[in-house]
Amino acid sequence: MTRTAIVTGAARGIGAATALRLAADGYAVAVLDLDEAQCADTVTAITEAGGRAIAVGANVADAEAVESAVARVAAELGAPTILVNNAGILRDNLLFKMTDDDWDAVMNVHLRGAFLMSRAVQTHQVKAGWGRIVNLSSTSALGNRGQANYAAAKAGMQGLTKTLAIELGRYGVTANAIAPGFIATDMTRATAERMGISFEDFLAGAAKEIPVGRPGYPEDVAAAASFFCSEGASFTSGQVLYVAGGPRA
Ligand code: NAI
């Protein structure tokens, strides 16, 4: 039986690498992002590699959009029993400059998005008696200057993960979180731009602080997601795995 996975924010970056990896692991994958057209590259990469995927446009913070996206995946690919809550945004600002909208936007995409997606997908997981939820946290959950909103959301993802693990365990569903450190993606590229440094210098600077001496890549996170989704991880639940090239943020 082919299991079906949904990866949110999978048009690019960590989500795209995770979608590709899960497809290579043998799952049918729904590549979900804000609009369907954005997902084309990831879907093409999966199908060219011999996998099965569809593009799904939805805003994860919108309850109706989430419900219809999950229903569409169930109809077109099969009941989704694997969910990777990866969609995310940054609205960095020091607290005194952080607007209400900066706060709400970040909470809505990360936390409300993960809540809505998990609630919609658990119906299928409970019915199947099997499921995997992987939530993207961050080393920023430990606190990070300029990220009151993002740090709170990413710490919230850990509490959400542990509670999903407790509530859904009896149905064969595990929930785990990945907390990446510095990963080279468009998100960190935008941070470099905002700070007025070239991405190359930003990567080199980050690498100096990382014990393994290099920045992380989306595939590093995808490998951890692959493990959490595997059969072998059925007794691993409610955990937070820091994928940061070392023990500290
Ligand atoms: P990215 O910015 O490259 O990709 C994020 C994707 O999410 C984009 O395709 C975007 O369109 C999509 N997205 C945003 N809002 C959405 C919404 N409301 N509904 C559906 N899709 C939406 O980001 P990246 O770097 O790949 O990050 C992925 C996840 O990993 C995020 O949750 C991020 O917070 C987390 N993370 C990233 C780190 C990094 O260093 N890049 C470090 C730690 C965590």
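## A charge over a ring

Let's start with Arg 3, whose charged end sits over the ring of Trp 130, 3.5 Å from the ring centre. A charge counts as sitting over a ring if NZ of Lys or CZ of Arg is within 6 Å of the ring centre and within 35 degrees of the ring normal.

A word on the ground rules: this is a predicted model, in which local features need pLDDT of at least 70 and side-chain atom pairs count only at pLDDT 80 or more, while totals for chains, interfaces and linings use all residues. Residues are numbered from 1 along each chain as its sequence is written, and side-chain values use heavy atoms, with hydrogens and water left out.

## Aromatic pairs

How many aromatic pairs does a search of the whole structure find? There are two. Rings of Phe, Tyr and Trp (its six-membered ring) pair if their centres lie within 6.5 Å; planes under 30 degrees apart count as stacked, over 60 as edge-to-face and the rest as tilted. The rings of Phe 182 and Phe 202 are edge-to-face because their planes stand at 70 degrees, with the centres 5.3 Å apart. Phe 182 lies in the loop between strand 6 (173-180) and helix 6 (186-195), and Phe 202 in helix 7 (residues 199-209), so this pair ties together parts that are 20 residues apart in sequence. Helices (H or I, at least four residues) and strands (E, at least two) are DSSP runs, numbered from the N terminus. Both Phe 182 and Phe 202 are buried.

The rings of Phe 227 and Phe 228 have centres 5.7 Å apart and planes at 45 degrees, so that pair is tilted. Phe 227 counts as partly exposed, at 41% relative accessibility, whereas Phe 228 counts as buried at 3%. Buried means under 20% relative accessible area, exposed over 50%, and partly exposed in between (1.4 Å probe, protein chains only).

## Helix 6

Thr 188, Thr 191 and Ala 192 are buried in helix 6. They cover an arc of only 100 degrees around the axis, so they are on the same side of helix 6; the arc is that of the directions from the helix axis to the C-beta atoms. The buried residues of this helix pack against helix 7.

At the N-terminal end, Thr 185 caps helix 6, with a side-chain oxygen 3.1 Å from the backbone nitrogen of Met 187. Just after the helix, Gly 196 takes a positive phi of about 75 degrees.

## Around the ligand

The ligand is surrounded by 30 residues, and the closest are Arg 12, Asp 33, Asn 86, Tyr 150 and Thr 185. A residue is near a molecule or strand if one of its heavy atoms lies within 4 Å of it.

An N or O atom in the side chain of Asp 33 is 2.6 Å from a ligand oxygen, and a polar side-chain atom of Tyr 150 lies 2.5 Å from a ligand oxygen. From Ile 14, a backbone N or O atom lies 2.9 Å from an oxygen atom of the ligand.

## Asn 85 and its contacts

Asn 85 belongs to strand 4 (residues 80-85) and counts as buried, at 3% relative accessibility. Its side chain makes a polar contact with the side chain of Ser 118 (3.2 Å). A polar contact is a pair of N or O atoms within 3.5 Å; within protein, one must be able to donate a hydrogen and the other to accept it, and residues adjacent in sequence count only if both atoms are side-chain atoms.

Leaving aside neighbours within four places in sequence, Asn 85 is in contact (heavy atoms within 4.5 Å) with residues including Thr 8, Met 117, Asn 135 and Met 157.
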